[in-house]
Structure formats: structure tokens, C-alpha cells
Amino acid sequence: MQNEQRQLHWQHVYQSKGEHDVSWFQDTPAPSLDMMAAIGVTPAASVIDIGGGASRLVDHLIERGLRNVTVLDLSDAALAAAKARLGERASRAEWIVADVTQWEPMMAYDVWHDRAALHFLTDEADRAAYLARLRRALKAGGHAIIATFALDGPARCSGLPVVRYSPDSLLRTLGSGFTLVASRTHVHATPWGSTQSFQFSAFRFGN
Ligand SMILES: C[S@@+](CC[C@H](N)C(=O)[O-])C[C@H]1O[C@@H](n2cnc3c(N)ncnc32)[C@H](O)[C@@H]1O
């Protein structure tokens, strides 16, 4: 998918649907928070949520006292929805409108979190661009938490094809320098009651 088409697709989704009208809505991002607990995230950690959309993860991280939280998404409508929900607390986070495959990171983070963004990158060149940003934007000793549809999960989401992963296939995709430190499966219940099988994995980067 071309970057421009991708941006138009997601902008349209967030302009035309409310928070509860998208299959990926979660009231509480419990599996992500569990993975952060598993890797020992503290309030001092810098965290970036890649493809964070209008997710409530940022609300929970701010609530837990994290003061260095960034949300990146290619849809400014998604980020506007999250900021409107947060009100004045939105100023406690950084917001970046960018396609992760073209983004130029300005700093390195302790934690890279991605729930259901990487799996939309079905082209090898896009995945390579994502991985190059991941390597630049993670501190040595930092962690990537990546959630995707599992091998028994749906083949499509939001009308788009996805790549399904196991923790091991994701580790192979990330390549050298990453160690799998935790993983779990999660059955997500959509707002309309269907279920989707996810895998959540945490990888340590470098030494
Ligand atoms: C299925 S939604 C998940 C949103 C959020 N992570 C959550 O858990 O609620 C996928 C998100 O990834 C964003 N996205 C898709 N491709 C992207 C890309 N190449 N760069 C940045 N964001 C992207 C979309 O705009 C959308 O917000």
C-alpha cells in the first residue's frame, strides 16, 4: 500500500467512526499494561506508542505517573480524538503525526509499544523501513512490545490484509539484536462481541 493511500484510509476511519465503532477498541489496554509490568517499566521510562491512534494506553500511562510518553500515528484525526478525551492532560504527552515507515526519530526511547500497527505492513520494503526506525528509536537495553494478530487471528482488519505472527516469527522478523523476554496470547473482544486472537511479545534490544 502506498503511504498516501494508507494515510487516507486511516484518516477516513477516524473521521467517520467513533471510539466504540472500531474493532480494536479497548476500554483498558490490560495486555499492554501487563507486558509493561513484565519488563519493569517505571515512571522514569520514556515510552512511544507507535500507531497509537485514539488508544487509551496514553491515559493509563499518564495516570501511572509517566512523564515521557509519545503517541505517533499517521492520522491526525486519531490523535485529535485522544487529545480531546484527555483534555488538559493531553499536554503531558507528546504527539507525532507521521507514517512510521517515513518518520525520522529525534530521540531514543526505553519502550517502543505497537498494538496492531506493524501487522498492516505487508510489503517487505515497508517492514524494513519500520525496523530501521525501531532500531534507531530504541535505547540499548530498551524494550519493544509488539502486539499483532496471532497465527489463528483474522487475516484482515479495517478492510486491509495483515501479516499474522507468532512470538518466534516476530523475533525472526526483528532480526539480530533482539531477545524475546515475554509473550502471551490474548483473545480480544470487539465492541460487537466477536473475538480476535492476538499475540503480545516483549523483546529486549541490545545488551
Ligand atoms: C488497528 S489500529 C490500532 C490503534 C491502537 N494501537 C490501539 O490499540 O487502539 C492501527 C493504528 O495504526 C495506525 N497506523 C497504520 N499504519 C501506520 C503507519 N504506517 N504509521 C503510523 N501509524 C499507522 C492507524 O492510523 C491506526 O491508528
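Predicted model: local features only at pLDDT ≥ 70, side-chain atom pairs only at ≥ 80, totals over all residues.
Visitor: With which residue does arginine 133 form a salt bridge?

Guide: Side chains of opposite charge can pair when their charged atoms come close. The criterion for a salt bridge is a side-chain nitrogen of Lys or Arg within 4 Å of a carboxyl oxygen of Asp or Glu. Arginine 133 meets it with glutamate 104, their closest N and O atoms being 3.5 Å apart. The two sit in distant parts of the chain, 29 residues apart: arginine 133 in helix 5, and glutamate 104 in the loop between strand 3 (93-97) and strand 4 (109-115). Helices (H or I, at least four residues) and strands (E, at least two) are DSSP runs numbered from the N terminus. Arginine 133 is buried, at 11% relative accessible area.

Visitor: How far apart are the closest N and O atoms of glutamate 104 and arginine 136?

Guide: In that salt bridge the distance is 2.6 Å. Because glutamate 104 lies in the loop between strand 3 and strand 4 and arginine 136 in helix 5, the pair ties together parts 32 residues apart in sequence. Arginine 136 is partly exposed, at 43% relative accessibility. Elsewhere, salt bridges with shared partners join Glu19, Asp27, Arg56, Asp59 and Arg85 into one network.

Visitor: How many salt bridges does a search of the whole structure find?

Guide: The search finds 12. One of them pairs aspartate 126 with arginine 6, with 3.1 Å between the closest N and O atoms. This pair links helix 5 (residues 124-137), which holds aspartate 126, to helix 1 (residues 3-16), which holds arginine 6, across 120 residues. Aspartate 126 counts as buried at 12% relative accessibility, and arginine 6 also counts as buried, at 5%.

Visitor: Which residues lie nearest the centre of the largest pocket?

Guide: They are Tyr14, Gly51, Gly52, Gly53 and Asp73, from a lining of 40 residues. Helix 1, strand 1 (46-50), strand 2 (68-73), helix 4 (76-86) and strand 4 each give two or more residues to that lining. A pocket here is an open set of points on a 1 Å grid over the protein atoms alone, where a 1.4 Å probe fits, with protein on both sides within 12 Å along at least five of seven lines; lining residues have an atom within 4 Å of a point.

Visitor: Which residues come nearest to the ligand?

Guide: Of the 18 residues around the ligand, Tyr14, Gly51, Asp73, Val100 and Arg115 come nearest; a residue is near if one of its heavy atoms lies within 4 Å. An oxygen atom of the ligand lies 2.6 Å from a side-chain N or O atom of aspartate 73. Arginine 115 places a polar side-chain atom 2.6 Å from a ligand oxygen. A ligand nitrogen is 2.9 Å from a side-chain N or O atom of aspartate 99.

Technical notes: Residues numbered from 1 in each chain as written. Heavy atoms only, no water. Buried < 20%, exposed > 50% of the residue type's maximum accessible area, 1.4 Å probe, protein only. Polar contact = N/O pair within 3.5 Å; in protein donor to acceptor, adjacent residues only side chain to side chain.
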